[in-house]
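Me: Could you take a close look at the aromatic ring pairs in this model and then show me how they sit in the rest of the fold? I'd enjoy one connected walk-through.

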Amino acid sequence: MTAQQATIGEVFSAGAKEFHRWSSLLWDQVGQATVEVSAPGRGERVLDACCGAGASALPAARAVDRDGLVDGVDLAGALVALGERRARQEGLANLRFYEHDVTAWTAPDGGYDLVQCALGVFFFPDMDRDTAKLAGLLRPGGRLAVTVWEKGALGGWGQTFKSAVETEREWPGSSQSAQLARIDTADALAPWLESLGLRSPRVIRRDLAVPLTPATAWDLAVGSGTRALLDGLTPAAVERVRAHFTAALEAASVTDLDARILTGTAVA
């Protein structure tokens, strides 16, 4: 496990409470939309990479039914624990969660029928190399499904948060943002999947309806990867960022999150 990956796991674990407040608002919508495109079938073996609290793993487990199996893998132990709790509440015995580096995961005998990753590949240390590893876990003819933010998504929320952080510190560059920018359009995502050695790529776009309040907007900021941008600030400085951020959202009448996603699939 690399230092970068450990940091990502720690960031998401630290914000697990706020992350889960967004499960019903956004993450479960993204997960359901991903599964509608990845289309796990009854009896299939599925790997849900970067599974978080189970947003896409749970509907995949329902789809494969008792004859199938879903492995959910994530670095954030606190999110994995949430996913386990949700699976128990639904009685989904065919869904197993693991706190593990998915880029070092091994496939069962014969490989997976489907590997899916919702909003995760751009967090990998090397997106091309590590997503190719996921594709390598597929059986011949198996499918890879990847969901990413579309270019410009989260714009109003994101730009306001950026401005708020910059009142306390310089905005750092992000390898995750740079990697996402390479695949955040349909015209870029499809050939990228082919570059991994996959075939027959297709991309489906979805708009998700997500209302936003200043309180939920802050929960999203501290319950996702952007939480890392607050690391090193004093509690007083974080509070100033929060106050600036929420006041700016109210002043600009930002009441909806611009949540647009692309889900690309391809065949091994």
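**Aromatic pairs and their surroundings**

Reply: Happy to. At 17% relative accessibility, Trp105 counts as buried, since that is under the 20% limit. Please keep in mind that this is a predicted model.

Let's stay with Trp105 for a moment. A pair of aromatic rings is described by the distance of the centres and the angle of the planes. For Tyr98 and Trp105 the centres are 4.9 Å apart and the planes stand at 55°, so this pair is tilted. Tyr98 itself has a relative accessible area of 27%, so that residue is partly exposed.

Next comes the pair of Phe161 and Trp171. Here the ring centres lie 6.4 Å apart with the planes at 80°, which makes the pair edge-to-face. Phe161 belongs to helix α7 (residues 155-165), whereas Trp171 is in the loop between α7 and α8 (175-181), so the pair ties together parts that are 10 residues apart in sequence. Phe161 is buried at 1% relative accessibility, while Trp171 is partly exposed at 27%.

Just after α3, Ala39 adopts a positive phi of about 55°.

Now for the sheet. Seven strands form an open sheet in the order β3-β2-β1-β4-β5-β7-β6, with mixed pairing. Its edge strands, β3 (95-99) and β6 (199-208), each pair on one side only. Direction ignored, neighbouring strands are turned by 15° against each other on average. Within the sheet, β5 (residues 138-149) and β7 (residues 259-267) pair in the antiparallel sense over seven bridges, and Arg143 has Val267 of β7 as its bridge partner.

Helix α4 (residues 57-64) lies across β1 (45-49), β2 (69-74), β3 and β4 (112-118), and runs at about 170° to β2. Helix α9 (residues 186-195) packs on the sheet and touches β5, β6 and β7, its direction making about 30° with that of β7.

Another residue worth a look is Gly77, found in helix α5 (residues 77-90). Leaving aside residues up to four places away in sequence, Gly77 touches Ser13 and Glu99. Between Gly77 and Phe245 there are 168 residues in sequence and 29 Å in space, C-alpha to C-alpha.

Finally, the overall picture. The protein has 11 helices and seven strands, and its C-alpha trace spans about 55 × 40 × 35 Å along the principal axes. A compact globule with 268 residues would have a radius of gyration near 18 Å, and the protein agrees at 18 Å. Buried residues make up 53% of the 268 residues. Among contacts with a separation of 6 or more, 84% are between residues 24 or more positions apart.

Notes. Residues are numbered from 1 along each chain as its sequence is written. This is a predicted model: local features need pLDDT of at least 70, side-chain atom pairs count only at pLDDT 80 or more; totals for chains, interfaces and linings use all residues. Side-chain values use heavy atoms; hydrogens and water are left out. Rings of Phe, Tyr and Trp (its six-membered ring) pair if their centres lie within 6.5 Å; planes under 30 degrees apart count as stacked, over 60 as edge-to-face and the rest as tilted. Buried means under 20% relative accessible area, exposed over 50%, partly exposed in between (1.4 Å probe, protein chains only). Helices (H or I, at least four residues) and strands (E, at least two) are DSSP runs, numbered from the N terminus. Two strands pair if DSSP finds at least two bridges between them. Axes are lines fitted to C-alpha atoms, for helices over the stretch in contact, and angles run from 0 to 180 degrees between N-to-C directions. Contact means heavy atoms within 4.5 Å. The radius of gyration is taken over C-alpha atoms; the globule rule is 2.2 Å times the number of residues to the power 0.38.
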